Structures are given as structure tokens and as C-alpha cells.
2 protein chains.
Amino acid sequence: MRNEKNKIDNVRHSLAHLLACAVLQKYPKAKLGIGPTIEHGFYYDILFTNTHESGHKLARITDADFPELEKTMRKLIAQKLPFSGRKVTLAEAKKIFKDQPFKLDLIKAFTSPPAGGKKQPLTVYKTGEVFLDLCRGGHVKNTSEIDPDAFTLTHLAGAYWRGSEKNPQLTRIYGLAFNTKKELDTHLAMLDEAKKRDHRKLGVELELFTFDERVGKGLPLWLPKGTAVKNEIERLAMEKEEQYGYVRVSTPHLAKQSLYETSGHLPYYADGMYPPMKMDDGAYYLKAMNCPHHHVIYASRSRSYRDLPLRLAEYGTVYRNELSGTLAGLLRVRMLSMNDAHIYCRKDQIEEEFKRVLALNLEYFKLFGLKNYSFRLSLGDPKNKEKFVNEPANWKYAEGVLRKILKASGVKFAETRGEAAFYGPKVDVQFTSVIGREETMSTIQLDFAAKKRFNLAYQDKGGKENHEVFVIHRAPLSTHERFMAFLLEHYAGDFPVWLAPVQVKVLPVANAHTAYAEKVFAALIERRIRAELSPANETLGRRIRAAELQKIPYLLVVGEKEQSAQSVNVRKRHEKETKNVSLERFTKTLAETIAARKE
Amino acid sequence: MRNEKNKIDNVRHSLAHLLACAVLQKYPKAKLGIGPTIEHGFYYDILFTNTHESGHKLARITDADFPELEKTMRKLIAQKLPFSGRKVTLAEAKKIFKDQPFKLDLIKAFTSPPAGGKKQPLTVYKTGEVFLDLCRGGHVKNTSEIDPDAFTLTHLAGAYWRGSEKNPQLTRIYGLAFNTKKELDTHLAMLDEAKKRDHRKLGVELELFTFDERVGKGLPLWLPKGTAVKNEIERLAMEKEEQYGYVRVSTPHLAKQSLYETSGHLPYYADGMYPPMKMDDGAYYLKAMNCPHHHVIYASRSRSYRDLPLRLAEYGTVYRNELSGTLAGLLRVRMLSMNDAHIYCRKDQIEEEFKRVLALNLEYFKLFGLKNYSFRLSLGDPKNKEKFVNEPANWKYAEGVLRKILKASGVKFAETRGEAAFYGPKVDVQFTSVIGREETMSTIQLDFAAKKRFNLAYQDKGGKENHEVFVIHRAPLSTHERFMAFLLEHYAGDFPVWLAPVQVKVLPVANAHTAYAEKVFAALIERRIRAELSPANETLGRRIRAAELQKIPYLLVVGEKEQSAQSVNVRKRHEKETKNVSLERFTKTLAETIAARKE
């Protein structure tokens, strides 16, 4: 494997040189930066400004130049050019690269490193007789080792020289390269799929959410269709949590400084929080977590051993002060709605409660058709008393319980020592998305620290106050924002009917059928099915195609025949055959399917 | 009427003097402030410190002193004392009140008013030979005009002399007084009812919400039972709004400064908003209204005439920076969840849309059994171009439409010229609560200004851009906070079963029936009925009484007989007779009743 890795790395590195060589053939005055390999390919940073033959000051390369550059590169490959390297002296190097200011800059950095830096030898690599580059090596012996059909140039980006905005901005040309054309094609197909499944693209196409400069960065506005999906997910959570014995609470979005001093968020987490708002009675903060508010509710009255476990659930909104430059789509936002709950239980209830939380997680995964996941059990470290709360007996007991239940449940899981939260062991669920992206979605965390910070207690059977109240934090459905991004990618926007923003579209064949179409529409709304009516102002074919682009699960075409039979012609998504069903049967069956979340 | 009003006012004012006289008889060193009449009664401000015969430095009066004071007052009344007034000179006045520093302070204020003030004559009023007060008059001629059984002292409060905290704090003694004992009793009964229905008291007793010092003022935490009620109300709104053709959106709780500059909230409404939070990309504000976010959604894509009306609904949270001292229960809070929606329509759609909003309002009022309400149509003023947006044709048209529909609907309504919002005419609904409190709950407002500020437009039939987009703001169910306070008072906590936090309580007669009780409980949960199980650890009688205090609509007692018959013994709230019903029939019927919101 190591050799394989080296081999493809050498191919990619060599292609970077060939790219630079091809660029210089077309733009002899181009100034070269660096050209390393990256995952799946390579790039080269090049300054084009004022270098075109035409002398035009802003000569720039575009995607349209790629075919020509690739052609040149393939020609160079076909010449079976050898790569060979050798050491050079400082004087020699300066002479070779006298017209390449960035190379001279590198030579200086290698030979006169800043204080504490290490001098580096100067080596140059030659490609046949056509190209010479300052380079540490790592190349194929001969370009004949490169499959000319297994690489492609992909896109351009701007990149400051040595990453500093004080330096000139170069153009970075990216390429992909593999051992075989087949590998390249597979990778391109995967990228294509990722693009199609990109939640930002689908969010626009399906009209789910939008952003607005005046509202601000990282603050999605959920449009009607996105809100429909979001509300379905919330309804699911409320229903399941009800079945699992949770009760719901609803807490304010902010609190005084003192609450976050009690919780320890201040000062330790202040950077992640929004700045405080000074009111006439002190500083208020938007909440970054729901736990402190839930702890306050637990502690708002005395609790008996019989009241436990108490499971407080809330789709709670939390606010995180992320830097504006890091915000992206739904994956990095500044306001999140979390599928949150906190379970307050006695030590002897931890096992049963964790088991139930795990079962709820698995039920969700099954419902959404998620299969590529594994659990990660993060343990504390009894030796590290700084990093982990010092309750050795509780750590030992709880870790044993979690391990036992994970084993018994038969799920894939791995243990990592020393990766737990400060306050207790945790279990994360790691997903591999359809397009190969790894993501931690759900988490279950045990908390030994809250009981002391918030003075949580209960009266035991003998009437004595017991302070061993354990808290389980859990969020199986993550946040609305992250989960929606994940689901969009997972389904490629093709939501199951119960989740689909529009479940049915009614299409009258012609204006003459509008009245009947309205009756069909009303029958659907009556059953609380999310429906739309498409007026017959365009050809049926065009309207069907438009509805298909919206990925609507059921299209009902109604014309003469349907009208007289009080039926609908059903076109189910991804099915070629249409069928005629009575209106009554269709609406009844679909309402049942949706209620049962069968499709 | 005027005479009647004068008469009772004279009685109240005279009682204030008699109260002061009674106080001086017991505490001769008491220092008198002022003793005016108020709605339903009177008060007198008196300094008691260091005035008791015993010489105790902190001598204070308590409620326990009221009977003795009232007795003295009644004795004075029985003496048929005449009231008579006369003018006095400054020197005379100073002499009379030489031991009364607050009176001397008043004398000074009357005779040497601050610059611009008017000198006032000095008059004193004598009650028989027992009491002399500095007073402008307005008394009965003789105490025989006062019904000795138609007044009572009610409570104490602290009050700074002349309202300034730099002055000494006096004790204010409040009294109620009417013409007849019957009137007094009616008023006392009403106060008693108000106390019983006080939402803060019921909120604690029924465990609906709580406040916490660390979380902060004006920020209720909804406990599980309160959240259940809140969610039921929200579910109702979502269902009705769905039926009425609204779509839901979900918008961030904050926005950048620029949004509120566009909307005009900044700078005009800045005082009512939370202070800004400086982020790396500018200042962000918590929203005080949902409208700007909804307008952004409207404007996020092009709209055709066919897309209108667009009805965007959201239980949106808004944040108001109220002074901490003004916050009280749920009626004055700093974070509110509003039953909000904005209807975007063409001019020719205003009529139909307003009609539908009115119909929805009336449907709600009927459902909640609200009868004491009237509508208030607030109109603009064509002459006042400062106070009202200058679109005379739109004002005229819209006001005509609103009036016409209110008339046609047959509801009680009154018009007020010049009381509209800046941006258009509005209709408020004025409620008189069970205990006589007046309250504006719902509002429907037309908005002519938003279209310009947010550049709202649609493509008309001819494909041209039309900027005449009208906005209707409406919130029939007010905010969760205010509406919940209102409902608690309205129902005195006796919620209809569909709203009740706990709908059914299951009570096994003895431990032997626990298994069957659990079966009953599970059957209820299965039907999504909110139920609780009361373990047989106390006598049945005590458990029934506890459940009655919680105002639970249905109690199901299950013992030997019910177990063998698979039935339940139903005790419906406020009904004396219990009855046996099969478990299956009870759960099915109740689920239907709840779904239909029949009780």
C-alpha cells in the first residue's frame, strides 16, 4: 500500500511539473509559485498578470484554456520524458531562476531561514530537456509511467503567495490524477453526485431556505417548503419522545450572566458565545446550550426518587458566535435548533436510560434508511485529573454500563481512551454519507458534573436528600440545520413522501377540468396532505416536467375520464406506469402511508 | 351620575380623614402625609416610625391593626360629626400643623411654589372637634351620610413622600368604600375571584411556568404542563392556518442592523429593542417584530399575481427591552412568542383577505367560549400627513372595506378617527375578562408602508412589475404569554379537556390493581392522551382530592370490578355521578372528543 501511495503521489507531482511546463509554453512570462500534490490530484500556483504575449495587462487563464493545456501535457507524456534531479549551489540556483521571482523567494527562504529554522539543500528536477523546477523530488522516472487519460484539470482558484494577503495573488490551477482512467471516472462521477446532492444547491432548487445579507451570515430563513420539512422532523421527534416517556419544556433564549457562571460556560466558553447585552438589571447572554435552563427546571421544585427518571425534551435554539468567514450553508451557522433532551436519573437507572436512548437512535436511523454508521465510545482517563471530573467510581461504573449495552445491541463500535467530555463518558455516532463524507451526527453524553454545579438532588425512599443525580445529554437528530443538510444529501432531495415539502401535485389536463382538480385538491387538504394545484396554463407535458424537477412524490393528472369516474391518474415518482385510482381510495391510502411514515 | 360620583367621592375622602383621625388616636405621634380618594376607595400615607407610645423605634402598623382602626372609625361615624372647612393664613396654618412636618412641607409648596407654579389658598377641614386636616375639601356634610358597613381597610404598602426615593418612606393604608354594604360585598367577591384566577397563582399551583433569578426577569420557563398547553394552542393555530391557506416559515431570532434600518425600527424603535451585539461582521439585534424577516422572504424571489395572496405564518419569537421593574408574570415579559402572520395581497384582494382573517378570529373566540368582546376600527386622519403615510386613496379604500366587512359580519364595533397605525388602518379586538379587566388581545393591521421600504412587488397579468403589494399583519391569538395569562383567568385554570395539561389521571384502588392501571395508562398514551398514573401509596380519597386540586378533567378509578370487566370508573370534573365504561370505549370516545376540541 505504501508503494502504491508513493507511486500515485509521484504521478501527481510529475503532472504538476508538466502543467507548469505547458503553461510556460503558452505564457512564457508566467511566474511560477509552487506545485504540490493534494488528495486525488495536484495544483500549481502561477502568476499570469501582464504575461500574455499580447501584452494585455490583465491576461488571465480561464477554464476554457484547460483543453489546450491538457493537450500539451499529453504530448509531453507521449515524449516519454525522463525526470532527473540534482543538487545545485546557491549561485547556480539564482542563475537558473533569475526570471522567476517566487522561486528566488523560495531559494532565499531555504538558504537563509528565519531564526530557529533549518537550512534546506537546493535541488532542481529536470523533465527531459523541456522543463526545470526547484523541487525536493518525488517523481516518476519517466512520463511513460503516467496514464495520459487518467488525469484532468478541474478548476481555478486565487491563492496569495505563501498564504499572505500582503503578497501578490496567484492563480491556482487544480488537477485530478489517478492510476487509471476508470479510477478517474469513478471519482468524477462521485464529484458529480456530490454536486447534485449539495444541500445548498438543492436548498435553492427546492425552495427550502434562503440567506439574506441584511439578516446576516449564518442565519438561514426557512421558506415555506423548508419549514414543512423541518416541522415534520420536529413532529417525528415530539411523537417518538412522547412514546419514550419524555415531557417537553420550553425555555427562554437568553439568561443572565449568573446562570452561565453557575454552569461554567463563563468564562470558559465565552468566545463561542454572542457578546453580552447590558440591560438595566445586568448582562444577558444568548444561550449557547440548553442544559443550564433545563437544570434550572429540574431544580425548580423538590423531586422524589419516584419522579425519576425525568426526561426533559425541547427543540431548543442555541446561538454560537462563529467567525463570519467560516459560515457555510446549513453546516456552519450562528443559530441552531437542537433535538435536545436531558434525562435526570438515579445511578441505578443509567443502564436502562442509556439503553432506551440507544434504541431511539436506532429507530430513527432505520426510519431514515441510514446504514453506514458506527458508534464511538469515548472514555475518560483516570490518570488525568485535570481533564476529567474526579469521580473514579462513577467513571468506572458508567463506562462499564455503556460498553455492556453497546456490545449487547450488536452495533459496530470502537473505544477511545481519554476522549470523553470533561464531565463524563460519551457515545458519538459516526456517519459516512452517500458521497463518502464522514460526519458525527448524534451524541449521547453522561454528565457527572451538573449535579454539583446546579445542586441537583432528590429525596430517596428513606426521605433523605440524595445528590447523586446523573444527567444524560442526547440529540439523536442533531440540529435541524445539520440534519437537514445531511438528509438533503442522503436523499438527493428525493424525500420520502411523509417528509416531502409538497406531497402531491394535482394537474388538470385542461381548463375544463379545473373544477374537478379543485375538488381533488380540497380532498387532499382535508386529509392534511401537503398538495399543490397546477393551473392548466401550460401544456401538461411541461407542467409534469416542472413538477418532476421539484421531486414531488405523487402527480395526479385529472381529465375527462377521471372527472366522470371521480378518480385520479397517479404518477408515482420513479415509476413508469401510471394507474387510475378512485379519489377516495387514493387520499385515504396516502394519508395512512404518511401517518405511518411508510414511504 | 355626576352627583352620584361626587357623593361617593365625598364619602371616600371623608373616610380618609376618619382613618387619619383613628390612627392619631392610637399613635398620637404619627406624622400624616396625604389622604386622597382612588378608584373604589381611598388611602392615607402615614409615617409611623418612632411614634408608638411604647417608644419603640421601629413601631409599625400591620393588617392586624385594621379591625381596631375600623372600629374607631365606625365610632366616629356614629357620632354624626359634621365636616366644615375654612381658609387660614400662612401663619395660622404653620401654627396648626407645627408637629406635622409633611403638612408643613405642603404648606410651603402651596404658598411658595417653584418658578412658574401657582400659589394655592390654604384651607383646613374640621371633623367635629376631633380632627383637623389641611385639605381642599370635597366631603360629606356629616358622617351620618356614611354607611358604617360599606367600607373596609384592605392592605398596606410603602410610599415615598411626594414620590421621591430621597424622601422618607411612609406607610400607605388602603381602604375600599361604597354607598352600600352590598356594593362592597360584590366588589370584595370580585377581588376574591380575581385572586383565585390570578395567572401567577394558578401558574404555580398547576405547575405551568416558573421564573428564576439566574435566568432573569421577564423570561418565563415553561414547565412540562405549561408546555403541553402552549403546544396545544400552537397546534390549533397551525391547523387552522393550514385550513385558511397559510404557509409556515421559520425565521432567525436576530438580524443585522441594516435590516432594521430598512424597516425603520432603527432608529425610531431602538429604545424598545435589546442592545446590539457586535460581531466580526457588524452589529446584530434581537428582533422586536417578525415583519421584516417575513418581508425578506416575500422579496427573496419574484412573485406573480397568481402567487398572491401569500400568507406567511410563524409563531415568531420577539424580544422587547422592558425595564426590569415593570415586568410582571406573563403579562409583561421580555421575550414573546407571537401568533404572527403576514398576508401579502393585491389591492383587489384586501376585502376577501380581511374577511377571512375576521372569520378566523371569530372561530377562535367561539372555540374558547369568549363572548365579551367588541371591535375597534382605528382610522387615519387625511389632514395629518406627519402621523400617517401619505396615500389618501389607499386609506380611503381600505377604511371603506374594513367598515363594510365589520358591518356585514354583525359584530359590535366602534370607529376612532386618528388612532390608526402610521402605516394603515387597524382593527383591535377589545375583551372584557371574567373579572372585569379590559384588554386588547387580537389585532388586524393593514400596512401601506412595507411595499416601499422592502421593495415588494409582483408581476401583473401583463407581465409588468406592480408595486401595490398590501400587507396585513394579524395575531388573533396574541402572544403565548399574554394569551395563556388570559386563558388561565378565563377558565380559572379549569381548562377544557383538549387543552388540559393532564387530561386523565388513573387511580388504582389498591396495589393489587396496579398492573391493570398500567394497562389503562398505556391505552391512553397509545391514543396520545396526556395521562398520569397515581400509585396506590395513599388512600384513594386523598389521591382523588389531590387530582381535583390539579383540575384534571377525568379521573379513572380502577379496582377489582373494573379489572375483571376491563372497564374504568369515570369521575368527570364538576359532575357528581361516576359511571362505568369499557376501557376501549372510554379511550376511543375521549380521543375523538379531544381531536374535535369538543370539550
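Which residues does B:His473 touch, not counting residues up to four places away in sequence? Select B:His473 and take contact as heavy atoms within 4.5 Å: you'll pick up B:Cys291, B:Ala341, B:His342, B:Tyr423, B:Thr443, B:Ile444, B:Gln445 and B:Asp447.

A word on what's loaded: this is a predicted model, where local features need pLDDT of at least 70, side-chain atom pairs count only at pLDDT 80 or more, and totals for chains, interfaces and linings use all residues. Residues are numbered from 1 along each chain as its sequence is written, chains are lettered from A in the order in which they are written, and side-chain values use heavy atoms, with hydrogens and water left out.

Stay on B:His473 for a moment. It sits in strand β23 (residues 470-474) of chain B, strands being DSSP runs of E, at least two residues, numbered from the N terminus.

In the interface, 61 residues of chain B are in contact with 61 residues of chain A. Together the two chains bury about 5100 Å², 61% of it on carbon and sulfur atoms; that is accessible area (1.4 Å probe) lost on being put together, summed over both.

Next, select A:Asp281 and B:Arg334: they form a salt bridge, with the closest N and O atoms 3.1 Å apart. The rule (a side-chain nitrogen of Lys or Arg within 4 Å of a carboxyl oxygen of Asp or Glu) finds 10 salt bridges across this interface.

Last stop: helix α7 (residues 224-243) of chain B, which supplies the largest share of the side touching chain A, eight residues. Helices here are DSSP runs of H or I, at least four residues.
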